[in-house]
Structures are given as structure tokens and as C-alpha cells.
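Please open the model in the viewer and keep the sequence at hand.

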Amino acid sequence: MRKTTIAVLVALSVAGAGGYAVADQQHGRSGVAVRSTTTITVDAAVRAAQAALDAAEKEGQRVTVAVVDRSGDLVVLLHGDGAGPQSEESARRKAFTSVSFNAPTSVLAGRVTGTGATLRDIPGTLFLAGGLPVVSDGAPVAGIGVGGAPSGDLDERFARAGLTAIGG
């Protein structure tokens, strides 16, 4: 008998956070194996990004804010009025880096020194302050990245405003 594997994507709503489950079923076998993953909802991502952008604009800073899901895929990108063209890639990569390593990018920056290969060699990462992970039950579910302010400390402060807006 030939076995066929079928993958199904199922939408879930998990206590204010979105998620998905992948179900694998082999033909001829009863039952379905399910793996659930919690991730950020679009609504929460938009609220976080807008709060970060508002905090920056309140201080006269022109930034871009990116929110990525647990897989590092872009959920929301808000390019503030007057933000530089480099700020989009910077914000996205900071968000990606923070969710990938479950740590603020300002903390990670200290781990990429030395000779030879380092974390800096991983494609898509950026070890400048301004990226924060969004954590649920101790696990990263998203990342918020801000780019474009004159210093990473400012970018991180604005990212923290976004995190605070969604209860993080």
C-alpha cells in the first residue's frame, strides 16, 4: 500500500494571539498528528507597530517599524513620513534577528565579536539596537524592529513602546 502525506493549514485563535496548526495525515492510518504554534495576530502587530511609530513621531524621529511572526515573515511594515529608505530593511532585519534569537538586538550585539565566523554571518540578521522579541509563555512569537532614528537606543525605546502597547 502506498502512503501519501497530506499537509493542512488550519487557522486558530489563541487567547488574543493568532496561531496555526499543521496537520499531517498518512493515507491508510487513522488519526491526525497536530502541531500548534502560537504567533502574533495581525491586529496586535498593527497596534504594536502604530504605537512604536507614534512614540517616534512624538519625539520628532522619522522611523520605519516592522513586525515579523515567529517564522520571521513580515506581518506589518509602517514607513513613517520622512523615514530614510534604509530604515525599512533595517527595521525588518532587527525584528527578524530578535525573534530568531529571542533577545533584544542590543544584547545580541555583544555576542558577535571575535575572529572567525559569528552570528553576523547568518543571512538576514542585523545586530544593531532596535529589535525586541514578543514573547508568550516564555517563547518568542514575533519580533518588533525599528530603524531610522539617530541611535539604536532610540530605536529600541520606540520598539519597547510598541511591545508595551500589546501587553509585552
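Select F101 to begin: F101 is partly exposed, at a relative accessible area of 26% (buried means under 20%, exposed over 50%, partly exposed in between, with a 1.4 Å probe and protein chains only). This is a predicted model, in which local features need pLDDT of at least 70 and side-chain atom pairs count only at pLDDT 80 or more, while totals for chains, interfaces and linings use all residues. Residues are numbered from 1 along each chain as its sequence is written, and side-chain values use heavy atoms, leaving out hydrogens and water.

F101 and F127 form a tilted aromatic pair, 6.1 Å centre to centre with 50° between the planes (ring centres of Phe, Tyr and Trp, the latter by its six-membered ring, lie within 6.5 Å; planes under 30 degrees apart are stacked, over 60 edge-to-face, the rest tilted). F101 belongs to helix α2 (residues 86-101) and F127 to the loop between α3 (105-108) and β6 (131-136), 26 residues apart. Helices (H or I, at least four residues) and strands (E, at least two) are DSSP runs, numbered from the N terminus.

Next, select helix α1 (residues 42-58) with helix α4 (residues 152-165): they pack at about 140°, their axes 7 Å apart. Axes are lines fitted to C-alpha atoms, for helices over the stretch in contact, and angles run from 0 to 180 degrees between N-to-C directions.

Finally, display R47, A48, A51, A52, A55 and A56 of α1, which meet F158, A159, A161, G162 and A165 of α4 (contact means heavy atoms within 4.5 Å).
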